[in-house]
Amino acid sequence: DGSGLQRLAAGTNGQALLTGGSGANPSWGTVSADFVKTGYVEIGSDAASFDMQNCFTSDYDIYKVVFHGRTTTATNARFRFYTGTNTEVTSSSYRYNQWLVTSNSNTNTSGYSSGYTEDNFYPRENVDGNSVHSGNWQIMVFNPFDSAVKTYVQWQYAGFDGSYLRTTIGGGFYDTAESHTGLKFFVSTQNFRAGAQVGCYGFKK
């Protein structure tokens, strides 16, 4: 301040030193970010499924979900919603389309797949069952918590099935307007390996 050098008391854990602008003293505060982590789960042992509950709230309308997982055998990973009561949504109201590209050193192919009366979203692409390859998703989720509108998703996926690099771009919606609070990830056979993980981030309004 104007009287000379002053000792600034320590802030709390996680705070940063912020300027107050011209003529103002600096102070400790929390740095704002455009993305806020709303959920994170990593499994400690092999499991056929795992969930991330209560990651969707009324605080945000748009979310980004990042998934990474290896499997114990060649199988495909899928996901479903949870409702506001943390009940798994299993009705056949998941609608989606996606474009697929596969390649190896000799072959390149492309095509599409779709589902209109499915009980989950999934890329229809196997993850190789060894310990070095993984299935990886980036999923955008729109208005999941708002019970007045239907929840839409968009995704990008990349994985290796033991013979081919497989990528997809897709999207769809759940055809009932209801509040969704979380996600369940599962495989059609066998297990995710320990270390499979998923994080969720809300976009600030």
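This is a predicted model: local features need pLDDT of at least 70, side-chain atom pairs count only at pLDDT 80 or more; totals for chains, interfaces and linings use all residues.
Figure 1. Taken along the principal axes, the C-alpha atoms fill a box of roughly 75 × 45 × 30 Å. Of the 205 residues, 38% count as buried, and the accessible surface comes to about 10,800 Å², of which 48% belongs to carbon and sulfur atoms. Among contacts with a separation of 6 or more, 72% are between residues 24 or more positions apart.

**Figure 2. The largest nonpolar core and the surroundings of Ile139.** The largest nonpolar core has 32 residues, and those with the most contacts inside it are Phe56, Val65, Phe81, Trp137, Ile139, Phe185 and Phe192. At least two residues of this core are supplied by each of β4 (49-52), β5 (62-69), β6 (77-83), β7 (94-103), β9 (135-142), β10 (152-160), β12 (180-187) and β13 (197-203). When neighbours within four places in sequence are left aside, Ile139 is in contact with Tyr63, Lys64, Val65, Phe79, Val153, Gln154, Trp155 and Phe185.

**Figure 3. The salt bridge between Lys184 and Glu88.** Side chains of opposite charge can pair when their charged atoms come close. Lys184 forms a salt bridge with Glu88, in which the closest N and O atoms are 3.1 Å apart. This pair links distant parts of the chain, since Lys184 is in strand β12 and Glu88 is in the loop between β6 and β7, 96 residues apart. Lys184 counts as buried at 16% relative accessibility, because buried means under 20%, whereas Glu88 is partly exposed with a relative accessible area of 24%.

Figure 4. Asp175 forms a salt bridge with Arg95, the closest N and O atoms being 3.2 Å apart; the pair links distant parts of the chain, with Asp175 in the loop between β11 (165-174) and β12 and Arg95 in strand β7, 80 residues apart. Asp175 is partly exposed, with a relative accessible area of 22%, while Arg95 is buried, with a relative accessible area of 12%. The side chains of Lys150 and Asp175 also meet in a salt bridge, at 2.5 Å from N to O. Lys150 lies in the loop between β9 and β10 and Asp175 in the loop between β11 and β12, so this pair ties together parts that are 25 residues apart in sequence. Lys150 is partly exposed, with a relative accessible area of 36%. Elsewhere, salt bridges that share partners join Arg80, Glu88, Asp119 and Lys184 into one network.

**Figure 5. Thr87 in the loop between β6 and β7****.** At 42% relative accessibility, Thr87 counts as partly exposed. Not counting residues up to four places away in sequence, Thr87 touches Phe81 and Tyr82. Thr87 and Asn143, which are 56 residues apart in sequence, lie 18 Å apart in space, C-alpha to C-alpha.

**Figure 6. A nonpolar surface patch that includes Leu8****.** Leu8, Leu17 and Trp28 make a nonpolar surface patch of about 280 Å². Leu8 is found in the segment before β1 (16-18), and with a relative accessible area of 43% Leu8 is partly exposed.

Notes
Residues are numbered from 1 along each chain as its sequence is written. Side-chain values use heavy atoms; hydrogens and water are left out. Patches are made of residues with over 30% relative accessible area and no salt bridge: like charges are joined within 9 Å, nonpolar side chains (Val, Leu, Ile, Met, Phe, Trp, Tyr) within 5 Å. Accessible areas come from the Shrake-Rupley method with a 1.4 Å probe; for residues, only the protein chains shown count as cover. A salt bridge is a side-chain nitrogen of Lys or Arg within 4 Å of a carboxyl oxygen of Asp or Glu. Helices (H or I, at least four residues) and strands (E, at least two) are DSSP runs, numbered from the N terminus. Buried means under 20% relative accessible area, exposed over 50%, partly exposed in between (1.4 Å probe, protein chains only). A nonpolar core is a set of buried Ala, Val, Leu, Ile, Met, Phe, Trp, Tyr and Cys residues joined through side-chain atoms within 4.5 Å. Contact means heavy atoms within 4.5 Å.
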